[in-house]
Structures are given as C-alpha cells and as structure tokens.
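Subject: Handover of a structure for your study

Dear colleague,

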Amino acid sequence: MRGFAKAFAGAVLAAGLVLGSGAQANNFRMGFQGNLNTLDPYTINETFTVAFLGNVYEGLTRRAPNLDIIPGLAERWEILEGARLWRFHLRRGVTFAGGEPFTADDVLFSAARVRGETSDLRARIPNGAEFVKVDDFTVDVRLPAPNPILISDWDTWLIMSKTWAERNSATEAVSSRATQPGFSTLNANGTGPFVVQSHQPGVRTVLAPNPRWWNDANKQHNLTQVTFTPILNDATRVAALLSGEVDWIDPVPVQDMDRVNANPTTQVLAGPETRTIYLGFDQRRDTLLAPAEIPPAPAGAAARTSTNPFKDVRVRRALYQAIDVNLIVQRVMRGQARASALMIDPNLFARHGAEFQRFPLDVAAAERLLDEAGYPRIAAFRNNSRFSVGMDCPNDRYVNDAAICQAVIAMLARVGVHITPIIQPRAQYFAKILAGGGYNTNFYLLGWTPGTNDSHNVLLQLHGCRDDRGSGGVGVANVGGYCSQAVDALTTRILSEANPVVRDGLIRDAFVISQNQDVSHIPLHQQALAWGVNRRVTMAQRPDNVFMFYHVMMR
Amino acid sequence: MQHVEPSIPKAGQPGPRASALSRFFDSDLWYSFTRSKVTMLAGFVTLLYALGALLAPWIAPNDPYDLTKLTLWNSNLPPMWLAQGNPEFPLGTDDQGRCVLSTILYGLRISLGVGISAVAISGVIGIALGLISGYVGGRLDAIIMRIADVQLAFPAILIALFVDGTLRGMFPNAAREASAFWILVIALTLAFWVQYARTVRGSTIVEKNREYVQAARVIGLSSFTIMRRHVLPNVLGPVLVIATINLGLAVLTEATLSFLGVGFPPTEPSLGAMIQIGSRFLFSGEWWITLFPGIALAVLVLAINMLGDWLRDALNPKLR
C-alpha cells in the first residue's frame, strides 16, 4: 500500500513537472453576455467592443491598470504653443500583424477614417483639428483652441494600417447600421499583443498572442490563446463558469454572486464601475415616433407647449420623480449599484456627491406636473392614461437592463404614462437609437462611461447641441437631442480651463443647468462591476471595464 | 351514406337537440371515453385548464398585466408556505413582482387562445386545400402538394421565427403589442396546415371513387356540393385526431416562441416567457418562477395529448 502511495505521489509529481515545464497551453476562455458584432474599431463607440479590439489594435496612448495614460504607439509627445499644438513621436520598428510597417501615414489615415461620416467615434478628434506629417515618425496635431486633454480618450482610438485598409477597400468605417458586413467587420490587422485567429460572429472569436508585438519582451501575460464565446443566458453563463467551461464571465448576475463566491474554484471580482445608467428623452423632434400616441388635450386641460410632451421640462421632471431609483437599486440590482444624481460617477467629479441631490421620489408631484403640462388622465385612453410612448431598451448590454426597463415601465404606469417596451439585443438596439440609425427613439435606457474619465466628455457628447446626424462629434451620443447654448458655452470653456478649481466650478454650473433646471436626462445609477473568474486566473480589473488580456496570468 | 329522413327540425324545437346529445352519449366514442379512467382524468384536467383560462380575470388573485398594480416591493417572493411568503401570492412572484399563479392563469389564456385559433384556422385551410387537391386532382393537386412538401421541409419553429421576423421588419415596433397574438397564430397556422391537407387529400382520393360519390355525380350535383355534403363528413375522423394532437403541439410551440422572446411584449408574459424569466434565477434558489409555469405547461400538454391518443384509438376501426 505504501509502495503504491509512493508511486502514485511520484506520478503526480512528474505530471506536475511536465505541466509546469512551460509547454502549458493557457487558453483563456471568456463568456460574455453579448456578441462581438464587429472587428471594425470605429463602428460603435461601446466600451466592450472597443476594449476587446484594443487587444488587437492599439492607440497612440494606452492606459495602465490604474488608468494612468502611458505611451502606446506614440513613444512620447510634446504639448506646444499653449496646448494648441501637440507633437507625437511615433514608436519605430512597429509592424502590423500583416507585416505592414507602422508610420505617420497610418496615423493620418486613421484620423481621417475615424472622423468619417460612418464612424461612431467621431468625437475622439475635436472639430477643426489638423493632422500634419512632419516626417515618417512625427505627427503634429494643430488645434483651433487650446486643448490640454486631447489624448485622454485616445487609448480607445485604435490605429489601423493604411496600406491594409486600401488594399481591402476598408478605408471607410462600417456603419453600425450597415446591413452588409465590410472587410474590416470580419478581419482585423493591428499592432497589438494579440491577433485574431478566427472570428465567427455570434459563435466564437479566437485570439492568439502576436509574437511580433513590439513589447513582447516585457509582456505580463502567459496566455497562449484567448477564446471569446457569447453566452446570453444568465444561468447558462454562471453554469459555464462554475463547471470550469470558461475562465471569465461578465457580468455575474447580481442574484448569483454568492453562489459564484461559494464555489471553491471561482470568485467574483467586484468593484465600482464608472458607468452611469440613465434614461433619456427625445427633446428634438416635434412629433414623436410610432408607437407613441399623444391623445388630443381634452377640454379644460392646461395648454400644451408642444406636440412632443418631452419638450416640456415639467413632463421630464414628472417622469424623474415618478421613478423610485432606490427600489430599483435594492430589488433589481440587489444592492450592487449606487443611485446617482448626475450623469457622471462621483469618483470622477468630486463636487457631485456634496452639491447635487436627486429630485425626491414623489408620485403626487409627478401627477400634478403632468396635469399642469396639459396631459391629464383620459379615462378612455389605455386604461386611464395620459399618453403612450415607446421605450427602447437593450437586453444584453448592462446588468439587468431589460428588468430595469420593465420596472420603470411599471412605475410610470402608476402616474398614467403608458410605455410600449421595445426590448432588443444590443446590436439592433444601438443600430436603431445611435447616430447610425438617425437617433430613432423617443425614450431609452443607456449607459455611459466617459472615455476620458472627465466631465467634459459627458457634457460634450451627451449634452452638446447636435444636428440630425450628430455630425462633427459634438453631441454624438446625445440621443435625445437636448440642447442648451449656456451648457455648450460652459463646455467650451471647460475644455481650455487649466485651473482645476475654476474648472470644477464651471462643470458644476453646467450640471446645474442641464440636470437641475432642464432635467436633460434621468440618471439612475452606477452599476457595480462584477466579473466572475476562475481562481487559477489573476488579472487587473479597471473601473472603466476595459479588459486588457495582457494583464492576465494563468496558473 | 345514412339516409336522413327529410323531417327538417323547426328552430327552437327541443327534441332534436336532446336527441343529438343522447346520440353522443350513445356513441362508441363516449363509451370508450367512460371505459378509460386515464382518459377521463385527462379530459377533466383539460376542462379545468379551459375553465381556469376562461375565468382568469375573476379567479386569479391579481392581474399580472396591470402595470399600475405591480411593485418591485413584491419581487421574488417565495410561495406562501415558505418563510417570507405572502398569501396574496400563493405561488410566489417573479422579478417584477408579478404573481406566478395569476400569470399562469392569464398565460393560459394566451396559450390556449393561440393554440385553438391556430388549430382552427389551419384546420379550415388544410381541409379545404386537401379536399380540392384530392377531389380535383391533376395539376392543381400537384401544385398544392408540392407547396405542402416545401412547407414540410421547414420545422414549425423556423417558420414561426421567420414569420415573426418578417412581420417585425414590415411593421417596425408599431402595433406589435396588439398584433402579437395574430403573429403567433399566423406562424402556427403556416406550420400546421400541411398535415390536414395531406391527410384529407388521402382520404378524399379513397372516397371519391366510392359508389355514393359516383351516384351523387350522376344525379348532377356540383363538385362543391359533393365535396361539402358527401366527402367531407367521411374524412373528418382523422382530422379530429390531428387537431387534438396539434393543439398540444401549438401550446408547446407558443411557449417555445415566448421562451425565445418572440411574440408577446415582456410586460405580458405567457407561460413560456415566465419559464424564461425564471430560468435566470434557477441558480440563486428562486425556483418557483420557472417550476410552476413549467409544471402547468407540461400537465396541459400531457392531458391534451392523452385525449388525442384516446381519440385516435376510438376512431380506429381496427382497434374496436
């Protein structure tokens, strides 16, 4: 018996030695709640897609796990002429996965491509910025106004190869609304630490390490493969993690966190996320879209200001006060979220918590405001309702997104606002409500993480006055079309203001107008970040939910 | 075949109706029904479901589709006999605070409504096409049957998804709430008519060469009259069996489609949608959201299928 035990122990040891000898295959298997719909890094400005592609492509800058900006494809940069001129010195000797050398031409090409009509990331480059090639490895960016935070979201402006794009007629970004995939939707060619080995949309995407990565010598991962699989159903995703079928899932459903932590081989990596979940209204159209129904005002009702109820601040405020966000946080999110008074995380704007409060929940006040705005209850209309409007909602993007929408719909029904849910997977959802789909929505739920970790991004992209197509990048994600000249003026000043105290004051002023006076949006909460991971994996979790595989180690 | 005396009953006269009923109770069908306890149980269960669906607005403890009465405070409550259970919600609540029992009852209205409508409409279409195909024959027969062949190559679910997708594209989110019922009915009708058409066609080909049909032809009756008055009553037996079994299948397909998120809006979950909602909470121990609707669905389909089995045996002359 002892002899057998010895032999057995020896065999185990030998097996361990073989496994530990470096020939180990570390296939990092990911299960995400949605599909990877495109490999084109300019199709959609969505954290998940851009972050995933950030492992294949690279920007001029990168961010460290603590979100510090560090050099990427640009080795260093100089800020000249009072932040009106930025000079980038590009990294030499970098090649794309396809073998094309990386030069200034690729930067100029990527800048033109990302500013194109079909790109959803137009706001990465400010209006009027001019890219000048000084030599093959130096690029100047000349700006019409001082901009000290130019590069704060350039870690997710990914650089593409000019020759590759021209050879494959991919010089224009594939629109999120395109019905035909372009070459760049299905193929990728970046300078990053990983290359796409195979990509079957909606089924599986396999990445392999790029042995020619310029930083390969200093790499901090030991992966030999990354396999991405969409697992849409919550329970299936958790089961896959518990059984060891995948090594990482996002998100862990809030109801299953205890279960994942109780399992000896898995754990929840939780942390605050800088994403704000909010509701938005269409404040631009004069007539709402189908399936909205606005019955004519009955005799004796107060005069209406517009045929679009959302143009009236009283209606917006009424909806705000009818929604019990604490109940949503407590029941739908099971405490894994924090109610928010502003469109930005308190961690990113210090005066948020101290100076801003949510409007209190007050159903009676909401009913009164709706009456005053000229939308009384009509007994014959949809069971004693005031008006009816469609609500767009994703069901595979944010934690419990569809459940939040349903809860909101029930809460609004109580004040007589009838909502028709239009709940879709995020590919169709984004294609409909964002610029690519002509902002085709009246009422929607969306989440936003400022790529710059700064309020200016929120004020510019979610509040800036836009035209019908969101051209130029200002207000590109301002789906509801809120517009205030005063906020826009403050946003412009915030960009160039160097004194942090003055700057915070300006930001405060802008939010007082947009949130407290105009009720431009209904901020709901910041959700908690919850990844489920196998315990044999160690990784860095960034609060912006950008996931870099070169920070993953497997045992 | 049976020659009915030309004593046409006058409206309102009680006699013939009672005799029709008594004829039913005298029939082989009723006899075989009373001989099988299992069949009687299945019949009783089906009746119970039908009553539950019909009377849902009166007997359900809550109205799960009335959003003004939903509150998250009641979300994820366990059944009443467990700790924290609430007698107001006998089988517990789902993640939006909907009463599971009430949703089952209201969901049955959808399931049975869609099922019965689909079976009825596909029956009418299938029987008509089958009769024409079998009686007329020739090129028309070939065309109808080739269409049926093509149709048979696609599974019901695929057709239903296709119909839903097409209609969704044609009427983008507009009247979807109101049309959800008919989308499901159309989808199921398209999937089910073939079986009727094929069966009826086969029987019609057999019947049309019988003497009574030839006699009818000789006295100069029109084809339509012959088909309706003489052929149709004699091919209905198998149709009845198919209809019963298809009802169970239709209920199941409706549930599957709802489970996949096709059909009714999420604010009006039917049985399948309820099972889908609950499946997300299976790991966290909130089993009642998915289990009770699942049992309800399984028992209903089982009961209907048992009735179908009995009908098949009872109408099969070889088994008498």
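This is a predicted model: local features need pLDDT of at least 70, side-chain atom pairs count only at pLDDT 80 or more; totals for chains, interfaces and linings use all residues.

Residues are numbered from 1 along each chain as its sequence is written, chains are lettered from A and ligands numbered from 1 in the order in which they are written, and side-chain values use heavy atoms, with hydrogens and water left out.

Domains of chain A

Chain A is assigned domain 1 (27–247 + 536–554) and domain 2 (274–450 + 520–526); such bounds come from an automatic or database domain assignment. Their C-alpha centres lie 33 Å apart. To the contact (heavy atoms within 4.5 Å), domain 1 of chain A gives 18 residues and domain 2 of chain A gives 15 residues. The size of an interface is often given as the accessible area lost when the parts come together. Here the two domains of chain A bury about 1,400 Å² between them, 42% of it on carbon and sulfur atoms; buried area is the accessible area (1.4 Å probe) that two parts lose on being put together, summed over both. On the domain 1 side, A:Gln33, A:Glu46 and A:Arg177 lose the most area to domain 2 of chain A, together 31% of what that side buries. The rule finds 2 salt bridges across this interface, a salt bridge being a side-chain nitrogen of Lys or Arg within 4 Å of a carboxyl oxygen of Asp or Glu. A:Glu46 also forms a salt bridge with A:Arg397, at 2.8 Å from N to O.

The largest cavity

Rolling a probe the size of a water molecule over the atoms shows where empty space is left. A cavity is a set of points, on a 1 Å grid over the protein atoms alone, where a 1.4 Å probe fits but cannot get out, and its lining residues have an atom within 4 Å of a point. Grid points are joined across faces, edges and corners, and a volume is the space filled by probe spheres set on the points. The count is 7 cavities of 30 Å³ or more, and the largest cavity has a volume of about 390 Å³. It is lined by 26 residues, of which A:Asn45, A:Glu46, A:Thr47, A:Trp448 and A:Thr449 are the closest to its centre. Where does the largest cavity lie? Both domain 1 and domain 2 of chain A give residues to its lining, so the largest cavity lies between them. The largest share of the lining, 3 residues, comes from β16(A).

Contact between the chains

In chain B, 25 residues are in contact with 34 residues of chain A. Together the two chains bury about 2,500 Å², 56% of it on carbon and sulfur atoms. There is 1 salt bridge between chain B and chain A: A:Arg334 pairs with B:Glu286, the closest N and O atoms being 3.1 Å apart.

Backbone details

The peptide bond from A:Asp250 to A:Pro251 is cis, with omega near -10°. From A:Ala290 to A:Pro291 the peptide bond is also cis, with omega near 5°. A:Arg382, a residue other than glycine, has a positive phi, near 45°.

With kind regards

Terms used: On a 1 Å grid over the protein atoms alone, a cavity is a set of points where a 1.4 Å probe fits but cannot get out, and a pocket is an open set with protein on both sides within 12 Å along at least five of seven lines; lining residues have an atom within 4 Å of a point. Helices (H or I, at least four residues) and strands (E, at least two) are DSSP runs, numbered from the N terminus.
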